[in-house]
Amino acid sequence: MKEKLPDISNKYALYLEDEGKFQEAEVEFIKANKPKEAVLMYVVSGLSVAVADITLHIHFNVLQSYHSVCLSFEICKSK
């Protein structure tokens, strides 16, 4: 079931995009590991200013992931 979550998020993002709910769609595209789709959504809709926000959000998520891995490594290391 867990492996289907990105596909579900992607489909929901497409629905939200069709409804004009771009910020909500962006969140779902990122959950689906499809940040490129979020960027294209903004570019096609003429809201390309929001692309900068997406890239900042993606970089923050990447840093958070690295931080989590580092913390889990330190926890394993201390045992």
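**View 1. Met1 and the nonpolar patch of this predicted model.** At 65% relative accessibility, Met1 is exposed (over 50% relative accessible area; buried is under 20%, partly exposed in between; 1.4 Å probe, protein chains only). Met1 lies in the segment before helix H1 (5-18); helices are DSSP runs of H or I with at least four residues, numbered from the N terminus. Together with Leu5 and Ile8, Met1 makes a nonpolar surface patch of about 320 Å² (residues with over 30% relative accessible area and no salt bridge, nonpolar side chains joined within 5 Å). Residues are numbered from 1 along each chain, and side-chain values use heavy atoms, without hydrogens or water. Local features need pLDDT of at least 70 and side-chain atom pairs 80 or more, while totals for chains, interfaces and linings use all residues.

**View 2. Glu28 in helix H2 (residues 22-31).** Glu28 is buried, with a relative accessible area of 11%. Leaving aside residues up to four places away in sequence, Glu28 touches Ser9, Tyr12, Ala13 and Leu16 (heavy atoms within 4.5 Å).

**View 3. The two sides of helix H3 (residues 35-45).** Ala38, Met41 and Tyr42 are the buried residues of H3. They lie on the same side of H3, because their arc around the axis is only 90° (directions from the helix axis to the C-beta atoms). Lys36 and Val44 are exposed on the other side.

**View 4. Confidence in helices H1 and H4.** Mean pLDDT (the predictor's confidence in each residue, from 0 to 100) is highest in H1, at 96, and lowest in H4 (residues 50-78), at 56. Over residues 75-79 the pLDDT is below 50.

Notes:
Patch = residues over 30% accessible without salt bridge, like charges linked within 9 Å, V, L, I, M, F, W, Y side chains within 5 Å. Areas by Shrake-Rupley, 256 points an atom, 1.4 Å probe, with all protein chains shown as cover. Salt bridge = Lys/Arg side-chain N within 4 Å of Asp/Glu carboxyl O.
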